[in-house]
Amino acid sequence: MQQPFELVASLDDSDSSREMLELLQTIQSLRSDKITLRTDGNDARKPSFTLQRTGSASQLRFAGLPLGHEFTSLVLALLWTGGHPPKVEQEVLDQIDALEGDFNFEVYMSLSCHNCPDVVQALSLMAIRNPHIKTTVIEGSAFQEEVNRREIMAVPMVFLNGEMFGSGRMLLEEIVARLDTGAAAKEAAKLTAKAPYDVLIVGGGPAGAAAAVYAARKGIRTGVVAERFGGQVNDTLGIENYISVLETDGPKFVAALEAHTRAYDVDIMNLQRAEALIPATEPGGLIEVKLANGGTLKAKSVILSTGARWRNVNVPGEAEYKNKGVAYCPHCDGPLFKGKRTAVIGGGNSGVEAAIDLAGVVQHVTLVEFAGQLKADAVLVNKLKSLPNVTIHTNAQTTEITGADGKVNGMKFKDRATGEEHLVPLEGVFVQIGLVPNTDWLKGTVALSKFGEIEIDARGQTNVPGVFAAGDCTTVPYKQIVIAAGAGATAALSAFDHLIRTSAPA
């Protein structure tokens with residue numbers, strides 16, 4: 001820390017206020033030469049505290065204790081407020097500094113949410129750097145009345161100047177781009193101007209990262225364009241089956257993937273969604289990938305590793321009540337349903353794990369599985385059946401998610417054996433029925449299976465010359481991280497073999 005700042009607390013007589021005061025006193029004692037603690041704050045949200053650099057108009061407020069997954073966010077906010085430089089590209093910092101207008105952000109999070117820290121840290125940094133930006137970080141379970149009043153049923157949830165801004169994981173660059181209205185056109189022009197790649201990888205999950213490392217080690221020009229580096233792994237909590245890594249979680253694993261990829265000469269273009277693939281018009285010609293922002297990238301070979309997303313149950317009410325009681329991440333959103341009635345749709349490992357997780361927080365869990373029996377591992381099924389506040393329905397088809405006043409109030413399912421309809425009154429539904437490949441943009445270009453997966457051979461080759469594919473978006477069986485990584489390596493080696501047989505690498 002290089003610059004002094006104040007911690008200004010707004011407290012009452014509650015136990016949580018006493019805990020916050022103890023935390024702030026501990027922080028202040030570590031650097032009493034730089035940090036001043038005041039307890040005369042009068043904010044309506046109690047307990048809360050601000051970090052304010054001396055002589056600056058910037059303001060960042062934490063309402064509720066920023067512990068759990070958010071403790072890192074607190075530490076980074078202390079460092080940044082104290083003048084420690086953030087590990088962010090200077091171009092992005094310049095964009096933040098140049099933003100004009102009044103931006104009052106409120107971000108709701110839960111301490112068990114592994115997607116929330118990215119949003120909290122992004123908005124915290126913006127408030128610390130730009131005096132036009134104010135950020136309040138609100139721990140949802142500490143302000144339950146406020147959460148209920150604003151009908152917040154998913155985190156992270158962000159409001160800007162009192163209006164809904166966005167929900168779910170968002171990166172700093174993504175938020176800044178939405179505020180900087182001219183950023184998209186400038187970025188598109190910059191991407192289009194890039195020289196052609198020997199290998200362009202579309203997608204930055206385990207398959208894409210492995211492909212990038214293997215390609216770059218061949219000394220060829222390699223690029224990765226990804227909508228979200230890390231892909232679905234960002235939303236995975238526990239990873240205990242990646243060989244040689246005893247235990248980790250999704251965000252840590254993604255950070256390691258990115259660090260390994262950046263250790264080589266790989267051009268990573270994050271937050272870019274591909275919209276069209278244009279095959280080469282002649283042998284050895286260039287393949288084009290058109291992006292959503294209007295930019296175009298060119299390459300001698302392309303590896304498609306766009307992964308998959310949560311599968312929707314596709315019943316009335318699901319889309320209407322998404323983030324209003326319909327959720328997909330029990331780890332993130334489960335705490336918002338504390339003491340309430342919930343349901344889980346899906347009896348595989350993900351569904352049963354979600355039900356077990358929720359049972360420790362909510363009043364009751366109803367698990368609905370279409371098949372005649374649960375498909376999860378026996379140890380998980382036995383654990384689930386031992387819980388007193390869980391009801392299991394197998395051979396049950398979800399038919400509707402009902403609601404009133406803009407939020408979920410029940411779920412209907414049909415007994416497939418008898419045809420009898422049932423209505424379960426509840427406040428939250430968690431959908432856990434697997435994944436669907438992100439290949440809609442490729443229809444009519446590469447051959448897809450009836451499930452929408454990219455058809456590949458043993459070498460990862462598609463039916464289009466020079467276009468390869470790997471990971472969960474393909475017909476490879478068993479959608480696992482370790483299998484995706486191996487498939488990415490295979491696709492990269494096949495792409496290199498294609499290049500040396502058709503043209504000399506740049």
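**View 1. The second largest pocket, at about 250 Å³.** This is a predicted model, where local features need pLDDT of at least 70, side-chain atom pairs count only at pLDDT 80 or more, and totals for chains, interfaces and linings use all residues. A pocket here is an open set of points on a 1 Å grid over the protein atoms alone, where a 1.4 Å probe fits, with protein on both sides within 12 Å along at least five of seven lines. Its volume is the space filled by probe spheres set on the points. The lining takes in 15 residues (an atom within 4 Å of a point), and A210, Y242, L257, H260 and A485 lie nearest the centre. Helices α8 (206–216), α9 (250–262) and α13 (481–502) each give two or more residues to that lining. By class it's eleven nonpolar, three polar and one charged.

**View 2. Helix α1, residues 15–30.** Helices are DSSP runs of H or I, at least four residues. Numbering starts from 1 along each chain as its sequence is written, and side-chain values use heavy atoms, without hydrogens or water. From first C-alpha to last, α1 reaches 23 Å, close to the 22 Å expected at 1.5 Å a residue.

**View 3. The two faces of α1.**

Conventions: The expected span of a helix is 1.5 Å times one less than its number of residues. Buried means under 20% relative accessible area, exposed over 50%, partly exposed in between (1.4 Å probe, protein chains only). Ala, Val, Leu, Ile, Met, Phe, Trp, Tyr, Cys and Pro count as nonpolar, Asp, Glu, Lys and Arg as charged, and the others, Gly among them, as polar.
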